[in-house]
Amino acid sequence: MNTQEFQKDIQQGIPTVLPAKKSYDLEINHAPKRKDILTKEEKKLALQNALRYFPLEFHAALAPEFLEELNTFGRIYMYRFRPDYKMYARPINEYPGKSEQAKSIMLMIQNNLDYAVAQHPHELITYGGNGAVFQNWIQYRLTMKYLSEMTNEQTLVMYSGHPMGLFPSHPEAPRVVVTNGMVIPNYSKPDDWEKFNALGVSQYGQMTAGSYMYIGPQGIVHGTTITVLNAGRKIAKNGEDLSGKLFLTAGLGGMSGAQPKAASIAGCISVTAEINTKAAQTRHSQGWVDELITDLDALCERVTAAKKNKEIVSIAFIGNIVDVWEKFDQENIYVDLGSDQTSLHNPWAGGYYPVGLSLEESNEMMATNPDLFKKNVQQTLVRHANAVNAHAGKGTYFFDYGNAFLLEASRAGANVMAANGIDFKYPSYVQDIMGPMCFDYGFGPFRWVCASGDSEDLQKTDLIACEVLEQMAKTSPAEIRQQMADNITWIKGAQENKLVVGSQARILYADAEGRMRIAEAFNKAIAAGEIGPVVLGRDHHDVSGTDSPFRETSNIYDGSKFTADMAIQNVIGDSFRGATWVSIHNGGGVGWGEVINGGFGMLLDGTDAADRRLKMMLHWDVNNGISRRSWARNEGAVFAIKRAMKAEPLLRVTVPEQIDAAYIDTLFE
Ligand SMILES: NC(=O)c1ccc[n+]([C@@H]2O[C@H](COP(=O)([O-])OP(=O)(O)OC[C@H]3O[C@@H](n4cnc5c(N)ncnc54)[C@H](O)[C@@H]3O)[C@@H](O)[C@H]2O)c1
């Protein structure tokens, strides 16, 4: 299909003539069949909800088809309306429309549905098993049509994938406002999602799926690199680096597959156990892991040699992680850093495999005897924790990497609780690393996409960002010097590490000043005609965007970690300070009802208006979270907010006074 036909298809929206029915493509990775959760009456409602997009004369053809989809897959995806053109982020000028901002959003939507990027592209799922961009193909078509028609005097309103419509607004307002999965708090249990989603009235947007800001695996590579590097610093006795040190972990799946690559960038030896041979082979063929080993003795020999020669090498062990922890304990192979990234947010349906069973045996058992499978998982978790404890006793630094390992191990009765019976023995990566070292100072996963689609533009933006950071590093205070240096190293190596999948995108951890200065420099380069337009954004997993008590806000200790004021304030504040689009989601990463997270997108087009917007919005987008972290009395954040107030006289934040905790204790004696 050429560009003209593509544009015509977009502008058509809902086809006036029914397209031919599509066959179910077995070559593509599909979403699993969802739970059959609706009653008969609710199924009728789900059908009516789906049919309201179409004129009555289509209903006789579509109703039985949609019912079949609902019965077969647990959802109505409206496969028939999947477009025939190739799905990918086209250069911005290939999109039809009247608003450049709207075109940039179309580009980002298509990137999230690109077959090379999306996990289940035909079910409109970008990542995480259920991270949806839309609930069905008609919502996609209608949204693209609205975007192709709208002007900068309108705002498109998105309710969980459903385009409610265009409403009059003004050029400084967001072009799109997205909400995903927002429900009345008492109706936020996992089965509520299953039901609302099956009815077609809500969706799980994950973090960057339903907000059109996913940039493939490089986002997680950078975050994991920063985590491993800083974990290394925590164990360094004399400021030495990670050379010759061993990192042991598990999982080579969607996100976890980033671990070996990140470990190599951080400069250590890594062993990542993966029970699924196919997953391990995929990561090996992609160059994300260097070597595959299937035998435990061979693994011990290889690791011993790598330690002796201080090699930087990533090894995948095809097998169960518990066997590796236990074998290394018996053989006295010292593990410097340990973690786990199996999918323990989903322990009973294939996220975590019991020891002693093959992958096939497990898959069979979880379907035919789920109770026995659950028992096996829990027994394995106890063994897993015991082996980790044995290593920790020898000095291993173990951290939870946001996959609910400690939570599920504790539920299984494993010995992972601290002496106070409330906390875990081991920290989460946000409590020990990401929170105090990055988020409290405002460092977070800033990202950008070159809307021209030109790889040369990305190279130029990498150079611009590097120059800005190098300039800033000359006068950085000691507290953030290390972060600045890490990010300069990252951006210098970014091209060589070949991280782009899908759109021409880059991630770079930066603080408020860094984000503003890099964005300002991009805008100037666009104005000078050196590069095309650039879309700015970030992961929701950031300083201010996410309230998530066991992850992003786990290092908030004033009792406010179960509140979500920060994320809500953030999205409201971004929306009137110049974001091109904003989003706020229930769920993401840790599960429905467990987190509220928000984000933004902003088109830089080289204009003075973009310059004004980027400064105002990025300043708020980071300092909101720093002020909350500071109010919770996090030391780094108190430092960062005081520094921000010095730089910007209009910023006046309530700063906490010192507390004499020992005196308070005396009142309770
Ligand atoms: N910290 C973060 O920033 C962050 C980011 C994304 C995801 N996560 C969490 O990390 C987890 C993994 O995410 P993912 O997308 O990679 O999931 P995934 O399901 O694609 O991958 C997990 C892998 O672990 C393997 N596995 C399971 N049990 C095993 C065992 N006992 N031994 C060896 N291998 C085993 C599976 O075969 C699978 O390939 C999730 O719980 C997710 O929520 C954390």
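The following dialogue explains how to read several features of this predicted model.

Visitor: How many residues does helix 18 have, and what is its span?

Guide: Helices (H or I, at least four residues) and strands (E, at least two) are DSSP runs, numbered from the N terminus. The expected span of a helix is 1.5 Å times one less than its number of residues. Helix 18 covers residues 512-527; its 16 residues reach 23 Å from first C-alpha to last, close to the expected 22 Å. Just after helix 18, Gly529 has a positive phi of about 75 degrees.

Visitor: Which residues of helix 18 are buried, and what do they pack against?

Guide: An α-helix has 3.6 residues a turn, so residues three or four places apart point the same way. Buried means under 20% relative accessible area, exposed over 50%, and partly exposed in between (1.4 Å probe, protein chains only). In helix 18 the buried residues include Met516, Ala519, Phe522 and Ile526. Contact means heavy atoms within 4.5 Å. The buried residues of helix 18 pack against several elements, among them strand 12 (444-450), helix 16 (455-473) and helix 20 (608-631).

Visitor: What covers the buried residues of helix 16?

Guide: The cover includes strand 12, helix 17 (478-493), strand 13, helix 18 and strand 14. Among the buried residues of helix 16 are Leu458, Ile464, Val468 and Met472. Helix 16 has 19 residues and reaches 27 Å between its first and last C-alpha, close to the 27 Å expected. A polar contact is a pair of N or O atoms within 3.5 Å; within protein, one must be able to donate a hydrogen and the other to accept it, and residues adjacent in sequence count only if both atoms are side-chain atoms. At the start of helix 16, a side-chain oxygen of Asp454 comes within 2.9 Å of the backbone nitrogen of Glu456.

Visitor: Which residues come nearest to the ligand?

Guide: A residue is near a molecule if one of its heavy atoms lies within 4 Å of it. Of the 27 residues around the ligand, Ser256, Glu274, Ser343, His345 and Tyr401 come nearest. A polar side-chain atom of Ser256 is 2.7 Å from an oxygen atom of the ligand, and a side-chain N or O atom of Ser343 is 2.8 Å from a ligand oxygen. A polar side-chain atom of Asn320 lies 3.3 Å from a nitrogen atom of the ligand. Taken alone, the ligand exposes 860 Å², and the protein buries 87% of that; accessible areas come from the Shrake-Rupley method with a 1.4 Å probe.

Visitor: Is His120 buried or exposed, and where is its place?

Guide: His120 counts as buried because its relative accessible area is 5%. The place of His120 is in the loop between helix 4 (100-113) and strand 1 (125-127). Its side chain reaches the backbone nitrogen of Ala31 at 3.4 Å. Leu124 also has its place in the loop between helix 4 and strand 1. The phi of Leu124 is near 60 degrees, a positive value in a residue other than glycine.

Visitor: Is Ser285 buried or exposed?

Guide: Ser285 counts as exposed because its relative accessibility is 62%. Ser285 is found in helix 9 (residues 277-285).

Conventions:
Residues are numbered from 1 along each chain as its sequence is written. This is a predicted model: local features need pLDDT of at least 70, side-chain atom pairs count only at pLDDT 80 or more; totals for chains, interfaces and linings use all residues. Side-chain values use heavy atoms; hydrogens and water are left out.
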